[in-house]
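Thanks for joining. I will go through one model today, starting with its sheet and ending with the loops.

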Amino acid sequence: MKYITTFFAFIILFFSGTVIGQKRDQVAEQAIEKELQSIAPAYVDEFRQATNAMDKGDLILADSIYSIIYEHAPSFDHVVRRLGSIKNELGQQDEGLVLCERAVEMNRSYANLITLVNCIIQQTNASTIDLARADSLLQESKLLPESKNDVSFYLMDAQIGLRLNNMSQFRAATNFLEANFKNEMATHYYAAILAANNGDPQKADKEIRIANKLGLPNEEMNAFLAANADYTPYNPDTGPSSTESAIWNFLDILFVIVIAWISGIVLLYLVGIILSMITLRSIEQQIKNNDLQASSRLRKVYKILITTAGFYYYVSLPIIVVLVLAIGGGLVFGMLSAGIIAFKLVIIIVIVVGGTIIGLLRSLLVRGRLQEPGRLLNEPEAPELFALTRSVAKDLNTRPIDEIRITPETDLAVYETGSWRAKMQDNGKRVLILGVAVLKDFRKDDFKAILAHEYGHFANRDTAGGGVAMRVQRDMTNYYIALYNSGNATWWSIAFLFLKFYHFIFTRISAGATRLQEVLADRIAAETYGAQSFRNGLTFVVRRSIEFSMLANAEIKQAEEQKRGHANFYELSDLPDTEFDLESELQKSLNRKTSEQDTHPSPVDRFRYVEGITTIPKQDTGTVHEFFTNWGELTGEMTLEIDKIIQEQKRMTS
């Protein structure tokens, strides 16, 4: 019974991650604003507005305003800290942790240290090592005078002690809270946990009820009471009741199933990481030996792994349903056992359980139509472009594309539609996506090399497979939308937490397979049109993506300031005078290291993989935008599309 008590307390504590806030110290706040005045005086009022929004619990508004201030005052550690804390609370844990770490690097102040500690212990996947580091940071903050009267310090001390199973630390922190912060809800909550672990159910019951009066949600109190309810001890003469026996047998079986299920997920994750590492090393070795035979074997292994991970998702769904029903039923049973009749809470439990299960069924039954990007480009609009795509297909001995779809940005990709059977028989519809922003000044011979890369995916049948992966991704997205619409996309939803974690794992596994596909497509492009053309083409795409973003953002900002319409985004040429330099940003993008999460190797690695390929293609001078019969009309149309996107974003944020 004590094990169940500790387990429930851990689960409640782990997913709440709550630090009790105190009334803001206005004197200290004025000092912070004065510091901002010396750095970015134009944003002091916005900083005050963001702080007020944060104090009122409007985290989305605070996040938006703090983000603007951060762009203009990235060295102001107070805004870095607060923005990191808010992003962490909004569920953007990785970004929030990075910002909180950055604030501590700038200034190891008490506020920065304590915020980083809170950010670490709220991490969904916080390990024992992470918690130990959080404890080390907390002890460092203890040396600062602000810790003496800060209840948050002792709450975190107690929480870390409990999470690390350091009962002496937890007991000392809880005793201090009881002696000095008697009016805090968390004080009595921790006191209840301590009493339960000390075998004092009467005090545990008393303390949890006091915590409830001070703000602890009824459902958490009831879960605690249910976990610590007095059960009739086993009597060797009569034995346990049949109901009790059935419940405990069910819980034993469920516990084993859940442990086996979680172990399977962890195993998939580990295999994905190992296979990703093997892929990176294998590519290096194969390129060195100019032998890509092992790549076909790796592709087959990836196919098996992705298919297994996809089916495991569907196997997981019944387990999620059982867990949700068990927890919901357990809460209701716990209330009834404790003699509590809370009709509103029962209704909430029914809504949550029902919404989770109905959302799951809808995600499997609802099949939305594919929303194709951009608009269809008709051949009379660019007859030479269509002729070029057929010429490249002929050079690669593969079937040409059936459609070209144009978008306003710098997209360049291919995909295939049609039934699974049609794709396997190479009868699917082949589609090329072209972003208008990437086409201007794109040399034709370099463009042919990049187009050959995209055709390489068709030639290697990369777009024909992946049916299981696509369906799993779609169903996970549908389930997330269903949970969001029913109000169950929250930190306490088991289904939502499972979706977040499994999506991360599934994406990580798929990344290695995609990275291998990109390398093989690069080789095809370089062997067909030369390594130099491929390097030139990829460099141009990266450069143009950075350049167009800088030009477009500057034009949008200037148009808003001057209260005028937007100029043609595709005719802009004067780069804005900002702290970002195009060439330096380009070099960063080209020379970054490839990480195991990347679906594409970094450009510098892709260039290295095609070294030694000496194909000398025929030179095709000129630029791609010359293919279009009315380039000015097309760019005007795409400018209007960007205008629509901007107006829609304004409407959604207003």
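How many bridges join strand 3 to strand 4, and do they run parallel or antiparallel? There are 6 bridges between strand 3 and strand 4 (residues 429-435), and the two run antiparallel. Strands here are DSSP runs of E of at least two residues, helices are runs of H or I of at least four, and both are numbered from the N terminus. Two strands count as paired if DSSP finds at least two bridges between them.

Before going on, the ground rules. This is a predicted model, in which local features need pLDDT of at least 70 and side-chain atom pairs count only at pLDDT 80 or more, while totals for chains, interfaces and linings use all residues. Residues are numbered from 1 along each chain as its sequence is written, and side-chain values use heavy atoms, with hydrogens and water left out.

Is strand 4 mostly covered or mostly uncovered? Mostly covered: 6 of its 7 residues are buried. By buried I mean under 20% relative accessible area; exposed is over 50%, and partly exposed is in between, with a 1.4 Å probe and protein chains only. Contact means heavy atoms within 4.5 Å.

Now the whole chain. Its secondary structure comes to 26 helices and 4 strands. Of its 654 residues, 46% count as buried. Among contacts with a separation of 6 or more, 71% are between residues 24 or more positions apart. The accessible surface is about 33600 Å², and 57% of that belongs to carbon and sulfur atoms. Areas come from the Shrake-Rupley method with a 1.4 Å probe, and for residues only the protein chains shown count as cover.

Helix 3 (residues 44-55) has 12 residues and reaches 17 Å from first C-alpha to last, close to the 16 Å expected at 1.5 Å a residue. The expected span is 1.5 Å times one less than the number of residues. Its buried residues are V44, F47, A50, T51, A53 and M54, and these pack against helix 2 (26-39), helix 4 and helix 5. After helix 3 comes G57, with a positive phi near 90°.

Helix 6 (residues 93-106) has 14 residues, which should span 20 Å, and its end C-alpha atoms are 20 Å apart, in agreement. Which residues of helix 6 are buried? They are Q93, G96, L99, C100, A103 and V104. These cover an arc of only 140° around the axis, which puts them on the same side of helix 6. The arc is taken from the directions from the helix axis to the C-beta atoms. Their cover includes helix 4 (59-72), helix 5 (77-89) and helix 7 (110-121). The face turned away from the buried side carries the exposed residues D94 and E105.

One glycine: G355 is in helix 16 (residues 343-365) and is buried, at 15% relative accessible area. Its C-alpha is 7.0 Å from that of L483, a residue 128 positions away along the chain.

Last, two loop residues. N165, between helix 9 (151-163) and helix 10 (167-180), has a positive phi near 60° although it is not glycine. At 60% relative accessibility, N165 counts as exposed. D441 is in the loop between helix 19 (436-439) and helix 20, and its phi is also positive, near 65°. D441 counts as partly exposed, at 46%.
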